[in-house]
Amino acid sequence: MTAIVILGARSRSLAEQVAAVLPGAKIHAPAGCAAPADQRFVRATDQILALYRQNVPTILIGAAGIAIRAAAPALADKRAEPPLLAVAEDGSVVVPLLGGHRGANALARQIAARIGGQAAVTTAGDLSLGVALDEPPPGFACADPGPAKPITAHLLEDGAVALDDPQGLAGQAGLADLRTDPASSWTIALTHEARPPAPHCLTWHPRTLVLGVGCERNAPADLLVDHVLATLDEAGLAPRSIACIASIDLKADEPALAALAARLGVPARFFPAERLLAETDRLSSRSEIVFREVGCYGVAEGAALAAAGTAGRLLVEKRRGERVTCAVALAAAPLDPATLGQARGRLAVIGVGPGQRAWRTHEAEQLLERATDIVGYGLYLDLVADRIGHAVRHDFALGEEEARCRHALALAATGRDVALVCSGDAGIFAMASPLVELLEAPADPAWARIELVVAPGISAMQAASARLGAPLGHDFCAISLSDLLTPRPDIERRLHAAAQGDFVIAFYNPVSRRRRDLLPLAKAILLAHRPASTPVAIARSLGRSEEAIEVTTLQALDPEQVDMLSLVLVGSSNSRQVTLPSGRALVLTPRGYDRKSSS
């Protein structure tokens with residue numbers, strides 16, 4: 001799906017013309033822009049970078065320099081970059097900036113033809129031959145790019161090549177317009193066969209093979225990987241021609257399949273038993289045992305054929321190994337795995353810290369960038385708006401924690417890559433707990449097959465501690481004063497225990513609009529066990545522009561000055577305020593080294 005980024009309302013008309021030739025394209029506009037848009041963003045450079053990192057083809061209607069500077073932090077491997085283009089605001093020029101050989105050049109020509117502009121294609125091979133021989137278009141892989149340069153030079157000098165194309169794929173590969181001569185000593189081969197390197201021969205492997213696999217539950221990954229590699233070797237098939245591995249959806253969470261997909265560097269796609277049952281007449285054999293177990297007569301062959309399509313055929317019949325099976329089907333044309341079956345869904349529960357972007361982990365950033373859907377409380381989604389990119393945003397109100405979890409699980413069960421966002425750390429008074437509780441007895445069996453990732457974040461008490469110096473330098477605990485899910489007697493019992501244990505205490509959810517009495521109760525309990533001069537910090541809106549931190553004492557603590565966005569940090573009997581020469585006030589809970597050195 002392509003993104004068209006505009007910088008203002010005046011570009012909306014041109015964006016619509018561009019979108020007309022790109023089915024499914026979405027128009028992205030600034031949050032304050034009056035023009036209608038499919039997606040909104042705060043900063044254009046952040047949006048372009050997020051889209052680039054999500055591998056989304058992106059077209060900026062505006063200055064090329066904006067797009068270049070935006071994508072610069074993510075530039076790495078040119079073989080993996082998505083198309084990035086800039087279109088002049090008057091429509092006069094379309095410039096493929098990045099990913100020229102991955103579709104940008106073709107997009108530039110397509111858009112220019114529509115809007116009456118000029119495609120500023122600069123790559124030599126594309127200009128003269130219409131294709132870059134060292135970087136095949138999507139659906140093809142280059143076995144060894146070494147011969148590409150001399151063959152390109154030969155063609156640019158009016159030479160010709162022999163085309164070895166038994167499946168007739170030259171047109172889809174962009175090679176149909178090359179000068180050909182069967183007697184030429186230079187050859188370009190389009191084949192799914194594994195061939196040794198040959199002088200003057202460039203081999204492209206079309207992604208036309210589907211590897212169907214099946215295995216017993218928890219079969220060792222090396223059994224499946226070794227069996228598949230041996231099967232491909234015996235059949236003389238090129239692993240780089242494999243478009244995807246395919247299996248029944250019941251195996252979506254099978255570790256051996258994930259390991260095989262990673263080893264081959266291809267996606268795994270899954271089909272329900274009913275879809276595999278429809279392939280019964282094309283199977284080389286039927287298994288009643290498999291039918292009784294999963295509802296179809298063959299998993300490996302059935303999945304391979306289902307992915308290869310009605311024009312595909314079985315190339316390698318089912319091969320049995322120890323606890324594993326595999327089969328290979330050949331499709332009539334290169335396959336796009338994204339259109340086949342269903343991916344294994346993934347749900348990432350992401351703690352994004354108290355607020356500021358600098359406090360997000362690298363893992364959280366990556367998970368947000370690749371998500372197809374982002375679910376969360378509206379305020380938290382606003383905090384990560386710079387990373388939403390092309391993802392679909394699913395806003396929920398405060399207090400709808402279980403509804404958020406169920407919605408995220410349902411999305412992931414359909415094969416989506418879902419991010420469930422919360423503030424702080426996902427596992428500390430946040431969304432990981434209700435989510436895992438739902439997975440303990442899943443309402444939908446498909447929930448149990450998704451991939452679950454819990455990404456840590458900086459908790460509010462860590463952020464407050466960092467601002468204050470070292471209040472958590474010794475033993476501490478965290479207590480939520482919300483009685484929505486925890487009975488009050490339990491909260492009171494924990495308050496007494498923490499007070500008697502002399503822990504530094506981080507109070508989460510200290511008050512709400514209707515609950516104002518538990519913080520005064522906590523203060524009274526603590527005053528019975530530690531000095532009135534015990535330092536107390538009230539930290540509000542940590543990491544945001546409105547951040548405020550006040551240091552007071554336990555005696556002077558005024559619960560009425562605390563709001564719902566506050567964390568209250570109460571020191572132990574050993575904690576003390578420290579004033580630096582600069583006048584900055586800190587809080588210290590010593591680790592006891594001073595007592596050790598004096599003993």
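## Helix α6

Asp 158, which follows α6, has a positive phi, near 70 degrees. This description rests on a predicted model.

Helix α6 spans residues 148–156, and its buried residues are Ala 148, Ile 151, Thr 152 and Leu 155. These residues lie on the same side of α6, because the arc they cover around the axis is only 100 degrees. In an α-helix there are 3.6 residues a turn, so residues three or four places apart point the same way.

## Cysteines

A disulfide is a covalent bond between the sulfur atoms of two cysteines. The cut-off for counting one is a pair of cysteine sulfur atoms within 2.5 Å, and the count here comes to zero disulfides.

For Cys 201, the closest cysteine sulfur is in Cys 142, at 10 Å, which is too far for a bond. Cys 201 counts as buried, because its relative accessibility is 19%. Cys 326 is also in no disulfide, and the nearest cysteine sulfur, that of Cys 215, is 11 Å away. Cys 326 has 0% relative accessibility and therefore counts as buried.

## Cavities

Three cavities of 30 Å³ or more are found in the structure. The largest cavity holds about 50 Å³ of space.

Which residues line the largest cavity? The lining consists of Leu 468, Pro 471, Val 504, Pro 535, Val 536, Ala 537, Leu 569, Val 570, Gly 571 and Val 587. Strands β25 (535–540) and β27 (566–570) each supply at least two residues of this lining, and β25 gives the largest share, three residues. By class, nine residues of the lining are nonpolar, one is polar and none is charged.

Methods
Residues are numbered from 1 along each chain as its sequence is written. This is a predicted model: local features need pLDDT of at least 70, side-chain atom pairs count only at pLDDT 80 or more; totals for chains, interfaces and linings use all residues. Side-chain values use heavy atoms; hydrogens and water are left out. Buried means under 20% relative accessible area, exposed over 50%, partly exposed in between (1.4 Å probe, protein chains only). Helices (H or I, at least four residues) and strands (E, at least two) are DSSP runs, numbered from the N terminus. The arc is that of the directions from the helix axis to the C-beta atoms. On a 1 Å grid over the protein atoms alone, a cavity is a set of points where a 1.4 Å probe fits but cannot get out, and a pocket is an open set with protein on both sides within 12 Å along at least five of seven lines; lining residues have an atom within 4 Å of a point. Grid points are joined across faces, edges and corners, and a volume is the space filled by probe spheres set on the points. Ala, Val, Leu, Ile, Met, Phe, Trp, Tyr, Cys and Pro count as nonpolar, Asp, Glu, Lys and Arg as charged, and the others, Gly among them, as polar.
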